[in-house]
Amino acid sequence: MWVLVKYIYNKIIALRINEGNKFTLFDEIIEKINSKEFEYAVALLESLLNGDEQTITKAKYLLGYIYSCQENKNRNEIRAKRYLIENITSPYPIPHAYVLYADLVEDKNVAINYLKRGIAQYPKNVNIYRSLLRFTKNKMEVIEKIGNAELTDSDLLKDVVEELVKIGNWQYVNQFVVKIQMGEQISDYEEMYLNLLTAYSFLFGIEGNYTEAIRIFQNIIEKDIDNQLAYSPYLGCLLYT
């Protein structure tokens with residue numbers, strides 16, 4: 001215990017000496033979190049709770065993260081939620097705090113309300129959108145907002161496509177598939193799979209383009225020599241005939 005107290009004392013003294021760099025101690029804390037030295041990190045963070053408002057807010061976010069971490073033997077959801085909500089409702093909320101709080105809160109309607117608040121604060125934050133899409137029952141409302149926000153993150157766009165396929169809303173699938181294909185480099189399998197979805201969107205969409213769907217299905221069949229798509233393009237051809 002005295003080792004920990006001495007460690008914290010030395011760190012605080014170092015911080016005061018180097019007041020020009022306010023984030024020196026935070027860098028040290030993040031290193032402790034990454035190395036799973038949660039007890040040290042918590043003690044250091046608690047020592048910052050009497051600092052300026054921005055420092056306190058950041059400290060509370062990190063405390064919320066630590067107490068929500070599955071790898072922390074002292075994991076405590078009640079403390080995690082308390083620190084996270086104090087961060088979210090502060091003048092300096094951190095975007096990921098909204099995501100963590102949504103995962104922890106039992107009432108998912110409350111989670112959705114806070115995630116919407118997070119998007120109002122950070123309208124381009126991909127992780128908040130991904131969390132909202134996961135929890136909301138009104139998938140299309142969120143998907144339309146994502147489309148209007150012109151977000152290009154491939155993981156978010158893949159989530160959108162997955163939800164569109166689940167609910168059978170094929171008329172929007174190709175719109176998001178094109179965005180994924182125009183973004184970061186994807187594997188040959190992902191390219192075939194996205195083309196497969198495009199073909200089905202032509203097959204099942206409101207304005208069907210059956211000729212183009214069959215052309216894409218046949219092209220996929222030629223390329224998918226290992227049958228990675230498990231006969232899905234063949235089924236598409238059979239549905240047309």
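Residues are numbered from 1 along each chain as its sequence is written, and side-chain values use heavy atoms, with hydrogens and water left out. Because the model is predicted, local features need pLDDT of at least 70 and side-chain atom pairs count only at pLDDT 80 or more, whereas totals for chains, interfaces and linings use all residues.

The protein chain contains 14 helices and zero strands, where helices (H or I, at least four residues) and strands (E, at least two) are DSSP runs numbered from the N terminus. Its pattern along the sequence is α-α-α-α-α-α-α-α-α-α-α-α-α-α. Of its 241 residues, 43% count as buried (under 20% relative accessible area, with exposed over 50% and partly exposed in between; 1.4 Å probe, protein chains only).

Two packed helices are described by the angle between their axes and the distance between the axes. Helix α4 (residues 53-68) packs with helix α5 (residues 77-88) at an angle of about 155 degrees, and the axes are 8 Å apart. Axes are lines fitted to C-alpha atoms, for helices over the stretch in contact, and angles run from 0 to 180 degrees between N-to-C directions. The pair α4 and α5 is therefore roughly antiparallel (over 145 degrees; under 35 counts as roughly parallel, 65 to 115 as roughly perpendicular and the rest as oblique). The crossing of α4 and α5 is left-handed, that is, the near helix is turned anticlockwise from the far one by less than a right angle.

Positive phi values occur at two residues other than glycine. Lysine 36, in the loop between α2 (24-34) and α3 (38-46), has phi near 65 degrees. With a relative accessibility of 43%, lysine 36 counts as partly exposed. Alanine 230, in the loop between α13 (210-223) and α14, has a phi of about 50 degrees.

A nonpolar surface patch is formed by Tyr231, Tyr234, Leu235 and Leu238, which together have about 450 Å² of accessible area. Patches are made of residues with over 30% relative accessible area and no salt bridge, with like charges joined within 9 Å and nonpolar side chains (Val, Leu, Ile, Met, Phe, Trp, Tyr) within 5 Å; a salt bridge is a side-chain nitrogen of Lys or Arg within 4 Å of a carboxyl oxygen of Asp or Glu. Accessible areas come from the Shrake-Rupley method with a 1.4 Å probe, and for residues only the protein chains shown count as cover. Tyrosine 234 belongs to helix α14 (residues 232-240) and is partly exposed at 40% relative accessibility.

Arginine 215 lies in helix α13 and is partly exposed at 46% relative accessibility. Its C-alpha is 9.3 Å from that of cysteine 237, 22 residues away in sequence.
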